[in-house]
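Subject: Structure handover

Hello,

Here is the structure for your own work. Please look it over first; my notes come after it.

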Amino acid sequence: MKFILKLLITAVLVVILSKILPNVTVDNYVSAVLVALSLSLLNFIVRPILVILTLPVTVLTLGIFLLVINAIIILLADWLVDGFEVNGFLWAFIFALLLAIGRSILFKILEKDNN
(Lines give C-alpha, C1' and ligand atoms only; values in the text may rest on other atoms or scores of the structure.)
Protein backbone atom coordinates (compact mmCIF):
# COMPACT_ATOMS: atom_id res chain seq x y z
CA MET A 1 0.00 0.00 0.00
CA LYS A 2 2.86 2.35 0.84
CA PHE A 3 4.45 1.66 -2.56
CA ILE A 4 1.24 2.62 -4.38
CA LEU A 5 0.96 5.84 -2.37
CA LYS A 6 4.57 6.77 -3.16
CA LEU A 7 3.96 5.92 -6.81
CA LEU A 8 0.92 8.22 -6.93
CA ILE A 9 2.82 11.02 -5.18
CA THR A 10 5.58 10.71 -7.77
CA ALA A 11 3.01 10.75 -10.59
CA VAL A 12 1.43 13.93 -9.21
CA LEU A 13 4.87 15.54 -8.97
CA VAL A 14 5.59 14.54 -12.57
CA VAL A 15 2.39 16.26 -13.70
CA ILE A 16 3.12 19.38 -11.64
CA LEU A 17 6.69 19.63 -12.91
CA SER A 18 5.53 19.15 -16.50
CA LYS A 19 3.24 22.16 -16.04
CA ILE A 20 6.06 24.26 -14.54
CA LEU A 21 9.00 23.33 -16.78
CA PRO A 22 8.60 24.39 -20.43
CA ASN A 23 10.54 21.55 -22.07
CA VAL A 24 8.97 18.68 -20.12
CA THR A 25 5.61 17.34 -21.26
CA VAL A 26 3.26 14.63 -20.05
CA ASP A 27 0.25 13.83 -22.23
CA ASN A 28 -2.09 12.50 -19.55
CA TYR A 29 -2.31 11.10 -16.05
CA VAL A 30 -1.82 7.52 -17.22
CA SER A 31 1.48 8.54 -18.77
CA ALA A 32 2.45 10.19 -15.47
CA VAL A 33 1.74 6.97 -13.57
CA LEU A 34 3.74 5.02 -16.15
CA VAL A 35 6.62 7.49 -15.75
CA ALA A 36 6.50 7.04 -11.97
CA LEU A 37 6.46 3.26 -12.36
CA SER A 38 9.31 3.27 -14.87
CA LEU A 39 11.34 5.60 -12.65
CA SER A 40 10.93 3.24 -9.71
CA LEU A 41 11.96 0.25 -11.83
CA LEU A 42 14.91 2.09 -13.35
CA ASN A 43 16.03 3.28 -9.91
CA PHE A 44 15.82 -0.31 -8.69
CA ILE A 45 17.61 -1.96 -11.63
CA VAL A 46 19.75 0.52 -13.58
CA ARG A 47 20.75 3.09 -10.95
CA PRO A 48 22.87 0.71 -8.81
CA ILE A 49 24.79 -0.37 -11.91
CA LEU A 50 25.44 3.24 -12.91
CA VAL A 51 26.48 4.15 -9.37
CA ILE A 52 29.01 1.31 -9.25
CA LEU A 53 30.38 2.15 -12.70
CA THR A 54 30.80 5.83 -11.84
CA LEU A 55 31.95 5.38 -8.25
CA PRO A 56 35.34 7.13 -8.69
CA VAL A 57 33.71 10.21 -10.25
CA THR A 58 31.02 10.21 -7.57
CA VAL A 59 33.64 10.11 -4.82
CA LEU A 60 35.68 12.88 -6.46
CA THR A 61 32.62 15.13 -6.75
CA LEU A 62 31.44 14.26 -3.21
CA GLY A 63 28.22 12.73 -4.51
CA ILE A 64 27.18 15.56 -6.82
CA PHE A 65 27.56 13.25 -9.82
CA LEU A 66 24.54 11.31 -8.55
CA LEU A 67 22.43 14.16 -9.92
CA VAL A 68 23.80 13.37 -13.37
CA ILE A 69 22.83 9.73 -12.87
CA ASN A 70 19.32 10.86 -11.92
CA ALA A 71 19.13 12.90 -15.14
CA ILE A 72 20.19 9.85 -17.13
CA ILE A 73 17.43 7.85 -15.44
CA ILE A 74 14.93 10.57 -16.46
CA LEU A 75 16.14 10.38 -20.06
CA LEU A 76 15.75 6.60 -20.00
CA ALA A 77 12.19 7.02 -18.74
CA ASP A 78 11.60 9.49 -21.58
CA TRP A 79 12.78 6.85 -24.02
CA LEU A 80 10.61 4.12 -22.46
CA VAL A 81 7.30 5.90 -21.88
CA ASP A 82 5.18 7.25 -24.72
CA GLY A 83 3.49 10.46 -23.71
CA PHE A 84 6.44 11.71 -21.65
CA GLU A 85 9.02 13.94 -23.26
CA VAL A 86 12.05 15.79 -21.94
CA ASN A 87 13.89 18.00 -24.41
CA GLY A 88 17.57 17.78 -23.58
CA PHE A 89 19.90 16.81 -20.80
CA LEU A 90 19.70 20.16 -18.99
CA TRP A 91 15.93 19.90 -18.64
CA ALA A 92 16.26 16.29 -17.49
CA PHE A 93 18.79 17.46 -14.89
CA ILE A 94 16.48 20.24 -13.65
CA PHE A 95 13.49 17.88 -13.65
CA ALA A 96 15.44 15.24 -11.71
CA LEU A 97 16.62 17.81 -9.16
CA LEU A 98 13.14 19.24 -8.57
CA LEU A 99 11.59 15.77 -8.48
CA ALA A 100 14.11 14.62 -5.88
CA ILE A 101 13.47 17.67 -3.72
CA GLY A 102 9.69 17.33 -4.00
CA ARG A 103 9.73 13.60 -3.31
CA SER A 104 11.93 13.95 -0.25
CA ILE A 105 9.69 16.68 1.22
CA LEU A 106 6.46 14.80 0.55
CA PHE A 107 7.85 11.45 1.69
CA LYS A 108 9.02 13.05 4.97
CA ILE A 109 5.50 14.40 5.50
CA LEU A 110 4.12 10.94 4.75
CA GLU A 111 6.52 9.38 7.28
CA LYS A 112 5.49 11.89 9.98
CA ASP A 113 1.79 11.13 9.42
CA ASN A 114 2.41 7.40 9.86
CA ASN A 115 4.19 7.83 13.20
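The notes below cover helix packing and one leucine.

This is a predicted model, in which local features need pLDDT of at least 70, side-chain atom pairs count only at pLDDT 80 or more, and totals for chains, interfaces and linings use all residues. Residues are numbered from 1 along each chain as its sequence is written, and side-chain values use heavy atoms, with hydrogens and water left out.

Helix α1 covers residues 2-20. Helices (H or I, at least four residues) and strands (E, at least two) are DSSP runs, numbered from the N terminus. The 19 residues of α1 should span 27 Å at 1.5 Å a residue, and its end C-alpha atoms are 27 Å apart, which agrees; the expected span is 1.5 Å times one less than the number of residues. Buried residues of α1 include Leu7, Ala11, Val15 and Ser18, where buried means under 20% relative accessible area, exposed over 50% and partly exposed in between (1.4 Å probe, protein chains only). The buried residues of α1 pack against β1 (24-26), α2, β2 (84-86) and α5 (89-114), contact being heavy atoms within 4.5 Å.

The axes of α1 and α5 come within 10 Å and cross at roughly 140°. Axes are lines fitted to C-alpha atoms, for helices over the stretch in contact, and angles run from 0 to 180 degrees between N-to-C directions. That makes α1 oblique to α5; angles under 35 degrees count as roughly parallel, over 145 as roughly antiparallel, 65 to 115 as roughly perpendicular and the rest as oblique. Among the residues making the contact are Ile9, Leu13 and Leu17 of α1 and Phe95, Leu99 and Leu106 of α5.

Helices α2 (residues 29-53) and α4 (residues 65-80) pack at about 135°, with axes 10 Å apart. They are therefore oblique to each other. Their contact includes Leu39, Leu42 and Val46 of α2 and Ile69, Ile73 and Leu76 of α4. By class it has 13 nonpolar, three polar and one charged residues (Ala, Val, Leu, Ile, Met, Phe, Trp, Tyr, Cys and Pro count as nonpolar, Asp, Glu, Lys and Arg as charged, the others, Gly among them, as polar).

Leucine 98 lies in helix α5 and is partly exposed, at a relative accessible area of 34%. Leaving out residues up to four places away in sequence, leucine 98 touches Leu17 and Leu21.

Regards
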